[in-house]
Structures are given as C-alpha cells and as structure tokens.
Amino acid sequence: MQFHHHGYVSQEPRVHEAAGYGLNRPSDLPDELDVLIVGSGPAGVIAAAQLSQYPDIRTHVIERRDSRLKLGQADGVQARTVETFKCFGFEERIVAEAYRITETAFWNPDPENPANIIRTGRTADDARGISEFQHIVVNQARVLDYFIEFAERAPGRITPNYGYEFVGLEINDEDEYPVTVTVAHTTGERAGEERTIRAKYVIGSDGAASKVRKSIGRRLVGDVSNHAWGVMDVLSQSTFPDIRIKSVIHSTAGSILHIPREGGHLTRIYVDLGVVPEDDNHAIRQTPLDEIIQKANNILHPYNLDVKDVPWHSVYEVGHRVTDKFDNVDESEVGTRTPRVFITGDACHTHSAKAGQGMNVSMQDGWNISWKLGQVLSGLAPESLLDTYSAERQSVAVDLINFDKQWSTLMAKKPEEFESPGEVEEFYVKTAEFPAGFMTEYTPTILTGEATHQDLAKGFPIGKRFKAAPVIRVADVNPIYLGHQAYADGRYRIYVFADPAKAGEDSPTERLAEWLQTSPESPINKFTPIGDDRNSRFEVNVVYQQRYTEFDFSDIHKAFRPDHGPFQLQDYFRVHSIGTITDVNDMAAAQHEQDIYDLREISRDGAIVIVRPDQYVANILPLEAREELTEFFAQSMLEQR
C-alpha cells in the first residue's frame, strides 16, 4: 500500500483523513441526502464502503437493528469474494481468523452394508488452479464488521444509523431529491415514530422480504421446490472422521452438507428433511431442533454426533426466485427515465444456501451499483451509466439460479437415484469456476467493449474479472501479482503491455505514453477534473517484456510514473517487468513458469487492457488505438475540460 504522499503518517495508514461530507458528518439522519442505503447486510455495507471513497457524496446507511449483527447466517466466502476483500484492504486479516476449505470429502452408502456410510472420494477444493485466493468460511457478522470499519476509516466517514426501519417511498422525477422515504425509529423512546427523508437515490439491501422491492412494484419470480432442509451451527463431540473437512454425505437415511467453521470447533450442518407434502402449509419449518439432530445422526451412521451447543439453527424450503428488474424503471422506459431506486442481494434473488452464493453474489451487486453512483454523483459520468446495473446483475442472478437448481437437486437425490457414486463429485469439480465466483461475464454495453481485439490478450476475457498474474515491480524489485494492488477507490485501471522495445526507446509503447501525457484527446487529460492529480481517475500501469535488470526506472516515461498528492511525489508502483510465479511465491511454482505474456496469452506486439473499478475487463485495444481508447471512455464518462 502507498501512504505518506499526503504527509508523514505515524499511525494506522488505513485510516484516511476525513474530507468533504466526512469532515462534519451528522450523527443522525439529515433531511436531505444523496444516497440512502437500506440495510447493513453484505450488499449494503460494500456499497457504503465504496461510496465512502467519494467524500463529497452524502451517503447514509439505515439498519432496523439497534447495533451490529452478532450472529450471521451466511458463512461461505468464495475465492472471488476474498479477492474483493483484497481491494478493500482486509483480506489478510479476515483470512487469518477464517476456516480454509482445501478439500471436500464425499461419503456414500457402503455397498456391502448400505446402512453405513463410507468415504468414496476426495477432491481438492481448487483442483484446476482457478484462483490464487482461498475459499474460506467465516461468520457473516465479521465480514460486515470489516466493511463497516473500511467505510468509517475512509474520507467519507460512513457509519450505519442503527434503529431505523424503512416504511415506504414515493418518487417524483421532477424534484431535485426525487425519492421521499418514510422511515420509523425501532428503538428507544422514539420507537414507532416516523419521519421522512429526501434522497437522490436509494439502494435497497433489506433482504428477501424487502420492503424497498415492494415499494417500487417489483416482485420475485420463480418457485419453491418440495424439499426442506434443517441447518444448524453446532459445537459437538463426534466420531465422524471428517468432522473438520467439508463433506458431502448421501446415505439411505438422507443427505448432509457438512461445513467446518472458523475457530476449530464450530461446524455448520445442512440436514435433508425430505420431501414436503403439498398441503404442508410451511409446517415443516416448525421441525424441532432435537428432530434435526436425530436425523443428522441417522444419516451419519455408523458415526455419531453428540451435540453440546447450538448457537443458531433454522429450517427452510428451497426456493429459486429472481426479481423481474433490479431498479424502478420498466424496460420500456429505459433511456427515457433515470432509475432512482436499486435493489441488491436477497432483495432480488433467492436460492438455496448450499452452494454458498448468497453473500458472495450480493456483495458484487452492491459493489456494481455503488461505484456507478459514485461516478454519476461526482459529475464524472452521465446518468445513463445507472441503466447498466440491472442489465448486468440480473443476468448474473439468472445464471446463479440455474446453477443452484442443479446443485440443490443433486444434494436432494437418494443414493439409488445416482448413475454412479461419483456423480456429485464429478459435478463439483466440473462446475468449480462458477461457485468460486469467476464465471460472471458482462456483455457489450457502454462499459464493456466488443471482442474485436480479444486475440491481443486471450487470458483477459472482456467482460470477465481481471485475472491477476505475476510480475516484478521495478522500483523496489518486489515480486507481486499484477491486479492485487487495485484498491476500491473508483478508478479505472489501464494496463499497458509493452511491445518488445526497451523502456525509453522509440516504440509504440513510448509513443502511446507521450500521447497519454500530452494530447488534449488523451482520456487522462479529457476526463480528469481540472486541479486533480493525473492519476485521480485513471491508474496507468505498464509491463515491459524485459527483466528489471535490463533497464533503469529513470528510463520510464512520465505517463507511467505520475506525481500525486499535495507534494507531487512520484508514484513508484506502476512500472513492472516480467516475472514468474516462482518469483512471487513457491505455492504454484510447479504449475507455471511462464511470464505474464505467456500465462495470459498477451501478444508480444503489446496491448492495452482496460479494467473497471470493480475489477472486470472493460476492453482490449492495440497500442496504436488512441482514438478508440478515448471514444470508449467517452461512452460512460463526462468530459471535464
């Protein structure tokens, strides 16, 4: 991380100086604000964390609880989410307290004694090397804590306003503050008392029973399966040998998805409660805890589960639903009205918990809409940018539901219904990229280019997240993963992969750098506000094909080492040379010895890779495509000079 460029820092460098609205942020809700976030769940807190990087935007979060969440229901954190934590600066800390999933065990009936289960297979959690990030399990409450800490330490100083419940809203597109929101106090002497707030935009992150969703006339579309599951967090003594390994268990008595949790003792157990009769009327949800525990023991036979404590448990029926649209503007009106209300997370998609996707997908919803609101409210982007939120995230939700239907159906099968004992294991390995969070691929819009020049960098598919790769940071000769330094600060990243010429020599790379630095048509000059640092809206990185020993840092063009901060100190972190994973760490040395050009199939003639603030590849262009580069940004950014 970089600091000191705003002056000497002797305390925690992750605590930034307050700025803008953060300087005198009121402790209570103001009557007028820019963004109101309803709910402090995963989608809500990541939205707040991102918007805290825009200190001039008046953002507030309301939460009906009187304080922080103490016991979370979501706990599975996929590799893509851990990568997201890296952008918000707390990946290492949260991984240190989490349980890491490295392997999954598969258990099935013993062919010689079907009443007993035996282990029939094991598979590495990431057998295909999909990500360098870990798959972890940690209490949802801790995830929220870290995002809230980030927001409180950022220039905007956002902290949730607890004890407020959303009641309803009205929209008048003609007003300066188009959304009038009614809220009610939920705690203290003022409990039940209502008041109204006027906002420019509202983000509804208030769960599956979302009042925000209902207030804009949206509805969840889908169905409920006829299967029920009991889920419980337990502290137990057990003879089951894989009690600390993620396990998928099918027996003649039913099925279990068993997931160890953080701390070395706690485990989460999803217990198959069987088919729900059509006339059940949700009576299955009243299944006693003792009955769920007994069912778990029947499934685990010949092993036992001696439960000592159950901090939390629930019963649910599997449902698969997606909201018809993720904002308040009907499809027929897109382009004629600006969306003012957006829904995220469980408010717009619900599914089973067993694929571990709820919290993970919800956070990507919140990140997607928040950086876009940040750009629009800062005067950097047109309001049309907001139309892309529902278009992008609804298709992701549909893919999620389709995947979860397959996975939950497999989990509910009886042993005799499988074509082979390894069917679940094979599906788990084959589809690993989806639950890991790396299958999202946005289609062409004003934010995502066509695949015209995809061949220049095949390993960075346009519309998919930017997949980090090893390089050497030249200034301090540190081996790093290019992409791990991308901070959630709302900036676009422009990665320039140089042609074969050395730094400082006349070449397409050098000419591109000169144009970026001096031309009025350069996106840096065209879209950066007057008076701001040259790297305030775009972070330009360069990777050279030579080893760092073959040139000096002073040979690099100034476009790749801009000055920033009040003292205009040089940014030393943007110039890279080739390196291998062996240079970065030993973990994957046996798999890859290629440099980033080979590893990500980048043309040796060079390429420009544009990455959005939320880490998705926006476009790929040749080094000479200067006009195309500016035209691409002009679709979603406003000219500043």
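The following paragraphs lead from the whole chain to one of its residues.

The structure is a predicted model, in which local features need pLDDT of at least 70 and side-chain atom pairs count only at pLDDT 80 or more, while totals for chains, interfaces and linings use all residues. Residues are numbered from 1 along each chain as its sequence is written, and side-chain values use heavy atoms, with hydrogens and water left out.

The chain contains 14 helices and 27 strands; these are DSSP runs numbered from the N terminus, helices being H or I of at least four residues and strands E of at least two. Its radius of gyration is 26 Å, close to the 26 Å given by the globule rule for 641 residues, so the chain is as compact as a globular protein of that length. The radius is taken over C-alpha atoms, and the rule is 2.2 Å times the number of residues to the power 0.38. Along its principal axes, the C-alpha trace spans about 75 × 60 × 50 Å.

Of the 641 residues, 59% are buried, that is, under 20% relative accessible area with a 1.4 Å probe, counting protein chains only. A contact means heavy atoms within 4.5 Å. Among contacts between residues at least 6 apart in sequence, 72% join residues at least 24 apart.

Is Asn108 buried or exposed? Asn108 counts as buried because its relative accessibility is 8%. Leaving aside residues up to four places away in sequence, Asn108 touches Asn116, Ile117, Ile118, Thr120, His250 and Pro421.

Methods
Buried means under 20% relative accessible area, exposed over 50%, partly exposed in between (1.4 Å probe, protein chains only).
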